[in-house]
Amino acid sequence: MLRALRSEIVKLRRARVVLWTVLTVALVPFVVAFSIRLVGADLGETTWESFMRLAPQMMASWWGIMIFGLAAAYLFGREFVEGTAKNMLTLPIRRESFVVAKMAVLAIWVSGLALLAVSLEAACAAALGLPGFAWEHIWVAAGESMTIGLLIYLTLPVVAALAMLEKGYLPPMLFSALMETASMLFAVVGWARWFPWSMPLAVAGSSMGPLIHKPEISAGSWVVDATLFVVGLAALIVYIDRADNAQ
Amino acid sequence: MMAALGAEFLKLKRSRTLLWTALVVIVYAAFSTVMIVALKDPEIMRSVASAGGSFSKAAAAGLYDLNWANQMHTFVQGIAGTWGVLLFSFVTAYVFGREHKEDTEKNMLTSPVRREYFVAAKMVVVACWVLALTLLSLAAHAAGVALWGVEGFAVEHVATALAESLEVTLLIYLTLPVVAWITLMGRGYLRAMLFAFAMTIVGNGLATTDASRYFPWNMPMHLVGASWMPVPPSGLIPVSWLIAVGVFVVGMALTIGRIDTADTTP
């Protein structure tokens, strides 16, 4: 198991996709800071608290589902795209180990991107010289970002299953894009607490104003999200257990 | 040239991606019609109207009233600000990236055919594909609005939406050679898709600024507005079109330059 985990991490060592996801996530706080400068907003009204809240909000409403979906599609789809699935499926190692190892790597990738977004948001706030600094704002943003990351992570086995079933990146990416749009629409009509992709909007709200009501997620919502994770993971394991090595 | 075009169309005959993109457009249209539930809810509309700022102005201007004119306009805004840039870029990444992914690049590059023909033929296929998706989306939205029994139907609203959506599709199409070039440079889909996503992030960041009309990926949204920001529509200036055409020409030159100098060995 630990070997499988190690080999998954080693596989990412020269993967440019990791760098590209980092660059895309890094773009967000700079675009926000740049647009605040460009519209000439009174920086007196923008405080550390309001600026830092944008980090989890942007993750929940804009980039989280797409970028984390892309990471999942890449980890699970690349074995087919790069023609290594036939090696993976014929090794004398339990096939479930690969799924667990890939999900562990995905968790590290998602957490890393979430923390990077918060760090860069704080750096931009400092660079803009915003008033009202307190460490508490950074901790709150980090906590909310990690919770949003977890909520999205619980949906990722579905994306991973799609990447393996379709043997590539495009269908899972299209699925992620669709779910991102659907998350907004379901939040607008008030069904967010039962739709896993909308649940991240409950943590810090949305940057999209009053059209999106901040949904209240309950214990039932967590049960729905966790069930989706278990079902997705089970589907992945069943698929990989029965997969043929002929590509 | 015609043979290259015929071959490109033939390649799509059993392509599942064609179906996936059509499915995305139809499901998006279905989700959008669910929004009608929100527009019928007086509590939601009251909270939007009392939110202040541009949301109150948009509500006062009747942008959230439930009628055919607004619904058809929201459909065009969906292409401009939600799925158009991403989905059309996916299509471009697929058309240009599959040669590498499916290992047919070496055949294409060693065929006794001018390499520019492949680029031109692929761009024609992309044009047909995105046009078909736009028309399919219009039909699906109109069907959804009709099924909900929204009042105020007039052929004029559909015709206006058609004209606006074609203009929006053209503006997005003009950005696609850059996606094609990035796909060829990255030898795959992922980098091109991340690029398209990054452009939507930048576009949304600039939406309420004066720079919006000079940023090609944001021009469609600038042209028809976005009811969810909300950004009012404000026509493009000639310089905007010049920039959009410039991006197309530069993108085509880069793509042709890349394919002309490409080696058959990866």
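In helix H9 of chain B, the residues B:Leu176, B:Pro177, B:Val178, B:Val179, B:Ala180, B:Trp181, B:Ile182, B:Thr183, B:Leu184 and B:Gly186 are buried, where buried describes a residue with 20 or more other C-beta atoms within 10 Å of its own, exposed one with 12 or fewer, and partly exposed one in between, the C-beta atoms being placed from the backbone. Because 10 of the 11 residues of H9(B) (residues 176-186) are buried, this helix is largely enclosed by the rest of the structure. This is a predicted model, in which local features need pLDDT of at least 70 and side-chain atom pairs count only at pLDDT 80 or more, while totals for chains, interfaces and linings use all residues. Residues are numbered from 1 along each chain as its sequence is written, and chains are lettered from A and ligands numbered from 1 in the order in which they are written. Helices here are DSSP runs of H or I with at least four residues, numbered from the N terminus.

The buried residues of H9(B) pack against H5, H7 (115-147), H8, H10 and H12 (238-261) of chain B, and H9(B) is followed by B:Arg187, whose phi is positive, near 50 degrees.

Two of these neighbours, H5(B) (residues 68-101) and H8(B) (residues 155-173), have axes that come within 9 Å and cross at roughly 15 degrees; axes are lines fitted to C-alpha atoms, for helices over the stretch in contact, and angles run from 0 to 180 degrees between N-to-C directions. H5(B) and H8(B) are therefore roughly parallel to each other, given that angles under 35 degrees count as roughly parallel and those over 145 as roughly antiparallel. The residues of the contact of H5(B) with H8(B) divide into 14 nonpolar, six polar and one charged, with Ala, Val, Leu, Ile, Met, Phe, Trp, Tyr, Cys and Pro counted as nonpolar, Asp, Glu, Lys and Arg as charged, and the others, Gly among them, as polar.

H5(B) also packs with H7(B), at an angle of about 150 degrees and with the axes 10 Å apart, which makes H5(B) roughly antiparallel to H7(B). The residues of this contact divide into 15 nonpolar, five polar and one charged.

Turning to the interface between the chains, 37 residues of chain B are in contact with 34 residues of chain A, contact requiring C-beta atoms, placed from the backbone, within 7 Å of each other. On the side of chain B that touches chain A, H2 (16-40), H3 (42-49), H5 and H10 (190-206) of chain B each supply at least two residues, and the largest share, 12 residues, comes from H2(B). The residues of that side divide into 27 nonpolar, eight polar and two charged.

In chain A, the mean pLDDT is 85, and 93% of the residues reach 70 or more, pLDDT being the predictor's confidence in each residue, from 0 to 100. Confidence in chain A is lowest in H4(A) (residues 85-88), at a mean of 76, and highest in H6(A) (residues 135-153), at 94. A:Lys167, in the loop between H7 (156-165) and H8 (170-188) of chain A, has a positive phi near 55 degrees although A:Lys167 is a residue other than glycine. Most residues other than glycine have a negative phi. A:Lys167 is partly exposed because 15 other C-beta atoms lie within 10 Å.

Note on methods
Angles under 35 degrees count as roughly parallel, over 145 as roughly antiparallel, 65 to 115 as roughly perpendicular and the rest as oblique. Two residues are in contact if their C-beta atoms, placed from the backbone, lie within 7 Å.
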